[in-house]
Amino acid sequence: MKAPAIEWSTAAATMPGETESGDRCWAGAVANGMMFAVIDGLGHGRAAAAAADIAIATLKRHIGDPLIELLRRCHESLRGTRGVAMSLAVLDTENAMLTWIGVGNVEGTLLRRDAGLSSDKLLLRSGVVGIHLPILRAGELAVRSGDILTMVTDGVSAEGPLRVSMNGHVESMADRILAEACKGTDDALVLVARYRSSRS
């Protein structure tokens, strides 16, 4: 899927024995770019999916708000549910910036197109959105054309997102990460998004 300067794709698997996944992804256009949300309803099955859907509905209603405020709104909406782990990321294509934040265990990694630069990991805060919200602080990173953002739920081995071909199609990258790193004991979801500058 494409937006100006961003191409992205997802791949997902439902826990064996379940008919519905509690892992969800949502993307929406914001000023100067796109926001991505990867959400993992605690546990699995219908109750986990219901919690994740509440989070997405809240994000849709308030898209454009700062990420910390979005997490707080989701926290209020999710009270009384089993809660979710959630990571949010905004790719600002006009200013070539990534802003991201995570509560729980949805891993985020920024893979650098320049082989001389090391990858960056999202600093995750311990907690559960809807049950216990920690002190929140969003991180910011400059991005360059060709850099790739990966976000994965805990049904995917954390090493998987680092084994990608930077020149491949994002659809193939997401599918490959899932195929190689899906644990098979939980719901699993992978998001891959590549930033392209208008000058690339």
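Trainee: How many salt bridges does the count come to here?

Mentor: The count comes to 12 salt bridges, where a salt bridge is a side-chain nitrogen of Lys or Arg within 4 Å of a carboxyl oxygen of Asp or Glu. Keep in mind that this is a predicted model, in which local features need pLDDT of at least 70 and side-chain atom pairs count only at pLDDT 80 or more, while totals for chains, interfaces and linings use all residues. Side-chain values use heavy atoms, with hydrogens and water left out, and residues are numbered from 1 along each chain as its sequence is written.

Trainee: Fine, give me one to look at. What does Glu7 pair with?

Mentor: Glu7 meets Arg194 through their side chains, at 2.5 Å from N to O. Glu7 belongs to strand 2 (residues 6-13) and Arg194 to strand 12 (residues 188-195), so this pair ties together parts that are 187 residues apart in sequence. Strands here are DSSP E runs of at least two residues and helices are H or I runs of at least four, both numbered from the N terminus.

Trainee: And are those two buried or exposed?

Mentor: Glu7 and Arg194 are both buried, meaning under 20% relative accessible area with a 1.4 Å probe and protein chains only, whereas exposed is over 50% and partly exposed lies in between.

Trainee: Which residue does Arg24 bridge to, then?

Mentor: Its partner is Asp53, and the closest N and O atoms of the two are 2.8 Å apart. Since Arg24 sits in strand 3 (residues 23-30) and Asp53 in helix 1 (residues 46-62), the pair ties together parts 29 residues apart in sequence. Arg24 is buried, with a relative accessible area of 18%, but Asp53 is partly exposed at 35%.

Trainee: I also noticed Asp114. Where does its partner lie?

Mentor: Asp114 bridges to Arg144, with 3.6 Å between the closest N and O atoms. Asp114 lies in the loop between strand 7 (107-111) and strand 8 (120-121), and Arg144 in the loop between strand 10 (139-142) and strand 11 (148-152), so parts that are 30 residues apart in sequence are tied together by this pair. Asp114 itself is partly exposed, its relative accessible area being 36%.

Trainee: Changing topic: which residues of helix 2 are buried?

Mentor: In helix 2, Leu67, Leu70, Leu71, Cys74 and His75 are buried. They cover an arc of only 140° around the axis, taken from the directions of the C-beta atoms, which puts them on the same side of helix 2.

Trainee: Why would residues three or four places apart point the same way?

Mentor: An α-helix has 3.6 residues a turn, so residues at that spacing point the same way.

Trainee: What covers the buried residues of helix 2?

Mentor: The cover includes strand 4 (33-41), helix 1, strand 5 and strand 6, with contact meaning heavy atoms within 4.5 Å.

Trainee: Last one, on the backbone: which residue has a positive phi of about 70°?

Mentor: That is Asn32, which has this positive phi although it is not a glycine. Asn32 is placed in the loop between strand 3 and strand 4, and it is partly exposed, with a relative accessible area of 33%. Ala96, also not a glycine, has a positive phi near 55°, and its place is in the loop between strand 5 and strand 6.
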